[in-house]
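These notebook entries record what I looked up in the structure shown below. I worked element by element and noted the terms as I used them.

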Amino acid sequence: MDQADFVHMVRMSEQASAHDSRAYRRGVAMFAALGYLWVLGCLSLALALVAWLVPQLIHGRVRIGLLWGLVAALGLLWASLRALWVRFDAPEGLAITAREAPALFDALERIRKKIHGPPIHTVYLDGEFNASIRQTPRWGLLGGAVNTLTLGLPLLMALDKPRLLAVLTHEYGHLRGDHGRFAAWIYRTRLSWLRLHDSMRNDESVAAAATQAFLNWYFPRFAAKTFALARQDEYEADRIAGRLLGPEVASAALIEIEIKSAWLQQDFWAGHWRHAATQALPVGPFQAMQAQLGLAPEPGFAREALRHALARLSDVADTHPSLRDRVATLGGQAVLPDWSRRGAVSLLGEGGPRWIEHFDNQWCRDNAAAWKQHHAWLARVRDRVQALAASRATSNANELVEEASLRRQLDPRAEVRSLYELALQRSSEHAAALQGLARTLAEEDRATRLQVLQRLWDAGRDRRWWAACAAVQELETSRPGQAHDAVALKLWRERIKQAEEAEERAWEDLRQEPYFSQVTRHDLSACELGEVQAELARCQPVVRAWLVSKTLREFPNRRAYLVFVELPGMADEDRFELCRWLERNLSLPGAVLVLWAGESPTLEEIRRGAFEAVYPAQGA
């Protein structure tokens with residue numbers, strides 16, 4: 001099923017759910033039953049064939065055809081049993097008990113009683129900024145359920161107790177009542193099909209081929225038909241959290257999580273890895289993270305992070321609704337909240353400091369090799385900055401922009417405006433220098449920023465969309481002593497529309513198959529490549545990566561890249577999410593599409609078409 005058909009089916013399921021919720025659920029149940037009927041039919045056929053063939057062979061009628069028939073029947077029987085009994089790996093993290101964290105378990109029990117939910121069988125603590133309740137099948141498709149709560153230590157650091165309880169209530173809300181049991185059953189069934197599909201991907205037997213053919217047809221349709229159910233379940237879980245803790249608390253929790261999550265990704269982790277410049281051995285992050293998450297985010301960053309979050313729309317890439325839709329459903333206000341003054345680590349009891357130390361030590365062990373590589377790369381960056389600074393009197397605009405960029409790598413607050421201004425003296429329409437200068441101008445200097453953005457717009461088509469977006473963002477931001485300029489805002493909004501069509505064509509060109517047409521070896525400098533390699537080293541699921549440059553027909557002079565990663569042992573959904581995360585976080589100087597080695601493109605196609613791997617680095 002291609003993406004357009006999937007989206008169409010999702011929209012149809014949403015319309016069916018809105019028109020008649022009961023009829024929609026009956027349809028979902030019947031389609032889920034189809035999968036069970038297929039498995040049971042294969043099992044019955046396999047047993048019947050074995051029951052007929054074995055006596056034939058025992059009574060001396062040994063023929064090649066009968067033997068092949070028995071092999072096929074046993075293969076079908078094995079595939080059917082695998083489908084009925086899918087096993088799941090235990091969650092990662094540290095299991096904690098009621099004896100170790102009585103306050104946390106008391107809170108969970110109060111929530112369970114209020115929503116009439118099932119018991120939580122195990123609670124895990126991990127190092128992620130997240131919380132989730134995972135209900136996995138106890139006996140595969142045969143039924144049963146194991147409920148596991150995974151709670152991220154950073155989330156406990158970031159939220160006060162009422163807001164953390166709102167998050168836990170939302171997660172527990174997925175398991176409430178009859179509707180919750182039905183949605184959880186569908187979710188468990190979906191997990192089982194997904195795990196079965198992944199486990200049989202490399203099985204080349206005839207029976208496995210039949211199973212894979214059925215799953216390739218069935219699973220995308222099952223995911224599309226159940227999408228509206230999953231989306232409704234998220235809204236209902238939010239409403240339950242709002243009823244128990246209050247809509248203001250639940251809304252504030254959602255907004256605070258969104259902003260502090262953005263801060264962790266954009267500020268904290270980058271700053272933590274910069275310690276490698278002076279520390280040859282890795283430093284644990286969680287002790288420092290607890291202190292910083294207890295502080296209010298910088299107001300300008302918080303406003304911008306909230307603006308970006310509210311601009312995102314709900315789509316079919318994720319069953320979770322957008323922040324704007326979730327807050328609206330709760331009846332709350334999408335504004336910056338009063339920040340949590342104290343985290344909820346105390347819910348872990350006296351063991352809180354011990355667990356922080358545990359995760360610090362574990363992080364250092366897991367990231368020792370990546371830290372070493374980052375330490376070496378930062379040393380090369382310092383050497384390059386010193387060399388560029390020494391020859392600044394004769395540097396061209398490209399070299400001055402490179403020096404400014406590398407100084408910001410070492411220190412995001414480094415003063416580099418003078419470097420961009422010097423670059424523009426030597427090349428007045430240098431697009432990268434104009435873009436860098438626009439970023440470094442003071443907030444109160446709106447007139448100068450808009451003049452620079454106008455020069456960037458006039459300099460060429462490659463960066464017009466960025467210039468228009470930056471101008472609109474500036475004009476939409478209310479600043480003391482600066483009047484609203486409706487005429488300029490209208491002009492720049494119209495320019496965004498003009499530039500968006502070209503951007504969409506360029507993005508489609510980047511995504512278009514075959515992926516290896518119009519590609520060349522990457523054009524990164526040694527420092528740029530070293531940074532990407534260091535970032536890939538920090539992404540532990542990636543065992544190998546390839547990088548190529550892509551020539552875009554719309555913008556032939558713009559830098560654009562394809563990254564191919566090998567991610568063994570992961571489900572396709574997790575691979576998809578990781579690739580999107582890499583697209584947002586890899587420090588590549590241009591647009592990037594990240595793809596994993598799988599069915600399209602295959603690992604063999606990548607080896608043939610993407611030149612040599614850039615990670616691990618050759619000789620590593």
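**Entry 1**

I began with strand 2 (residues 122–126), which is mostly covered, as 4 of its 5 residues are buried. I take buried as under 20% relative accessible area, exposed as over 50%, and partly exposed as in between, with a 1.4 Å probe and protein chains only. Helices (H or I, at least four residues) and strands (E, at least two) are DSSP runs, numbered from the N terminus.

I noted that the model is a predicted one, in which local features need pLDDT of at least 70 and side-chain atom pairs count only at pLDDT 80 or more, whereas totals for chains, interfaces and linings use all residues. Residues are numbered from 1 along each chain as its sequence is written, and side-chain values use heavy atoms, with hydrogens and water left out.

I then looked up the pairing, for which DSSP must find at least two bridges between two strands. Strand 1 (residues 94–96) pairs with strand 2 in the antiparallel sense over 3 bridges, and A95 stands opposite Y124. Strand 2 also pairs with strand 4 (residues 145–152), in the parallel sense over 5 bridges. There I found Y124 opposite T150 of strand 4.

I next traced an open sheet of 4 strands in the order 5-6-7-8, with mixed pairing. Its edge strands are strand 5 (519–521) and strand 8 (591–596), each of which pairs on one side only. On average, neighbouring strands of this sheet are turned by 35° against each other, direction ignored. For such angles, axes are lines fitted to C-alpha atoms, for helices over the stretch in contact; angles between N-to-C directions run from 0 to 180 degrees.

I recorded 6 bridges between strand 7 (residues 560–566) and strand 8, which run parallel. V563 stands opposite V594 in strand 8, and the bridge partner of V565 in strand 8 is W596. Helix 21 (residues 486–511) packs on the sheet and touches strand 6 (544–550), strand 7 and strand 8; its direction makes about 30° with that of strand 8. Contact here means heavy atoms within 4.5 Å. Helix 23 (residues 572–585) lies across strand 7 and strand 8 and runs at about 160° to strand 8.

On the other pairing of strand 7, I found 6 bridges to strand 6 in the antiparallel sense. S549 stands opposite Y561 in that pairing.

How many residues of strand 7 are buried? I counted 7 of its 7 residues as buried. A560, L562, F564 and E566 point one way from the strand, and Y561, V563 and V565 point the other way.

**Entry 1: helix 10 against helix 12**

I looked up the packing of helix 10 (residues 247–274) on helix 12 (residues 299–311): the angle is about 110° and the axes are 9 Å apart. That makes helix 10 roughly perpendicular to helix 12, a term for angles of 65 to 115 degrees; under 35 counts as roughly parallel, over 145 as roughly antiparallel and the rest as oblique. From helix 10, I255, E258, I259, A262, W263 and Q266 meet F301, A302, A305, L306 and A309 of helix 12. By class, this contact has 9 nonpolar, 1 polar and 1 charged residues. Ala, Val, Leu, Ile, Met, Phe, Trp, Tyr, Cys and Pro count as nonpolar, Asp, Glu, Lys and Arg as charged, and the others, Gly among them, as polar.

**Entry 2: helix 2 against helix 9**

I found that the axes of helix 2 (residues 21–58) and helix 9 (residues 227–245) come within 10 Å and cross at roughly 125°. That makes helix 2 oblique to helix 9. The contact is made by Y24, R25 and V28 of helix 2 with F227, A228, L229 and Q232 of helix 9. I noted its residues as 5 nonpolar, 1 polar and 1 charged.

**Entry 3: two single residues**

Is N367 buried or exposed? I found N367 buried, with a relative accessible area of 6%. N367 is in the loop between helix 14 (352–366) and helix 15 (368–390). Leaving aside neighbours within four places in sequence, N367 is in contact with W273, R538 and Q540.

P247 is found in helix 10 and counts as partly exposed, at 28% relative accessibility. Not counting residues up to four places away in sequence, P247 touches G242 and L330. I also noted that the C-alpha atoms of P247 and L424, 177 residues apart along the chain, are separated by 52 Å.
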